[in-house]
Amino acid sequence: MSTSTDPDTGLAVTVWPGLTPRLLRTEPGPEDLEQYRDAGGYRASDDPAALLDAVDRAGLVGRGGAAFPLATKLRTVRAAHLAGRDTVLVANGEEGEPASIKDRWLLRNRPHLVLDGLRLAARVIGAAHAHVYVSDAAAAAAVQHALHEPGTALDGVTVSVFKVTPGYVAGEETAAVRAINGGPAKPTDKPPRPFESGVGGLPTMISNVETLANLPYIHAHGADRYRSVGTDSSPGTFLATVNAAGMPTGLYELPFGVGLADLLTAHGVSPERVRGVLMGGYFAGLFNPDVLVLSLDHETLRDAGTGLGCGALSVLIDECPVAVAASVLSYFDRENAGQCGSCFNGTAAMAAATGALRDGIATAEDLARLQRWSVVLRGRGACGTLDGATNVAGSIVAQFPDEVTRHLDNACPDCATAAYTAQRPFEVESIA
């Protein structure tokens with residue numbers, strides 16, 4: 001296993017055993033243009049249609065959370081270009097999930113890999129201009145530096161770096177469009193979707209920076225090589241952020257299909273100590289130790305009622321699951337856009353109910369309401385924030401019935417002594 005540790009931050013960057021890295025590099029310091037070119041970067045691209053076909057056959061899906069096929073996005077906006085319309089590309093690096101570090105790391109340490117992927121995607125969709133959308137100042141500076149290195153080859157695509165105030169909803173695709181167009185970084189109702197009317201009213205493709213960072217590998221090596229690791233339905237590699245209190249954060253590149261228990265063991269967490277796992281950042285729910293038998297691929301996790309989301313996995317060892325759920329829901333209550341009544345009121349209600357449960361003052365009626373809200377509020381609102389909240393609310397009730405009962409009886413020993421009340425649970429601190 002190839003690992004490097006930043007002595008200033010303690011972030012451990014690790015490539016899975018036997019895997020030739022595609023996204024991470026364990027050499028110290030950011031990669032400059034000469035290093036990236038020496039590794040084969042910025043290869044000539046003269047057949048956008050062939051690259052689109054390769055992306056389709058590779059089965060590359062988005063790494064921002066939704067796992068949507070990239071080829072579908074590319075093809076939709078490319079059709080607008082072929083019909084004579086101008087198009088725009090947005091590389092989304094606004095990492096709104098506090099428990100994730102992958103996008104910031106890529107932008108800070110491998111900006112040319114991201115820009116190369118941006119260049120290739122822009123060629124496919126015919127975009128003459130692209131935006132790198134970020135909230136991290138160091139990431140913005142790294143990309144600006146890379147853009148101004150003599151020899152950076154973007155095939156005539158002009159690139160702007162757009163810096164936004166960080167926020168959970170700021171990375172949602174319509175929020176990115178709205179911000180770049182001069183408004184607040186808050187989601188808008190759909191339709192229209194960005195591919196119909198996005199930046200400047202033009203067809204716009206928005207893609208997470210990790211997703212784009214996979215394109216140079218497919219361009220250089222082809223779809224079959226890309227699919228040589230991972231699973232049939234979830235091919236390739238992905239970046240996972242692993243958090244556990246009292247331990248350095250780990251950033252891993254691993255093939256889809258690795259067992260969750262194997263990943264946690266590699267991180268130094270004994271599976272026997274795990275009380276629960278917060279899946280997919282804050283979005284995909286809180287699960288009991290039974291989740292450890294699962295493999296990390298989209299189909300397996302989807303069938304189990306959860307998902308990878310942005311690839312962030314936070315491990316509960318000493319933390320009470322009910323208290324963690326209450327903290328996450330309180331975060332959703334503070335961070336929602338305040339635009340949709342169902343979300344504004346729903347996140348507040350679920351946060352209050354789980355907070356009361358944590359504090360041992362909830363009633364059976366409060367619990368029944370929490371269960372009902374976790375079902376009836378799903379799918380409402382302009383973005384996925386409310387869905388994330390309902391996932392957490394529903395999972396704490398379904399996955400931890402004994403802990404819930406103890407809290408109804410005000411008998412949780414952990415919360416009686418020092419309840420977990422983090423403002424941003426399992427937040428990855430700045431890696432500046």
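In helix 11 (residues 260-267), the buried residues are Leu260, Ala261, Leu263, Leu264 and His267. These residues lie on the same side of helix 11 because they cover an arc of only 160 degrees around the axis. The arc is that of the directions from the helix axis to the C-beta atoms. An α-helix has 3.6 residues a turn, so residues three or four places apart point the same way. Buried means under 20% relative accessible area, exposed means over 50%, and partly exposed lies in between (1.4 Å probe, protein chains only). Helices (H or I, at least four residues) and strands (E, at least two) are DSSP runs, numbered from the N terminus.

This is a predicted model, in which local features need pLDDT of at least 70 and side-chain atom pairs count only at pLDDT 80 or more, while totals for chains, interfaces and linings use all residues. Residues are numbered from 1 along each chain as its sequence is written, and side-chain values use heavy atoms, with hydrogens and water left out.

The cover over the buried residues of helix 11 includes strand 7 (237-244), strand 8 (250-255), strand 9 (276-279) and strand 11 (312-316). Contact here means heavy atoms within 4.5 Å. After helix 11 comes Gly268, whose phi is positive, near 100 degrees.

The second topic is charged pairs. Side chains of opposite charge can pair when their charged atoms come close. A salt bridge is a side-chain nitrogen of Lys or Arg within 4 Å of a carboxyl oxygen of Asp or Glu.

| Salt bridge | Closest N and O atoms |
|---|---|
| Arg104 and Glu95 | 3.3 Å |
| Glu172 and Lys190 | 3.1 Å |

In the pair of Arg104 and Glu95, both residues are buried.

Asp155 belongs to the loop between helix 6 (137-147) and strand 5 (158-163), and Arg123 to helix 5 (residues 111-125), so the pair ties together parts that are 32 residues apart in sequence. Asp155 counts as partly exposed at 37% relative accessibility, and Arg123 counts as partly exposed at 24%.

Glu172 forms a salt bridge with Lys190. Because Glu172 lies in the loop between strand 5 and helix 7 (173-180) and Lys190 in the loop between helix 7 and strand 6 (204-208), this pair ties together parts that are 18 residues apart in sequence. Glu172 counts as buried at 16% relative accessibility, whereas Lys190 is partly exposed, with a relative accessible area of 26%.

Finally, a network of salt bridges links Arg25, Glu27, Glu31 and Arg110.
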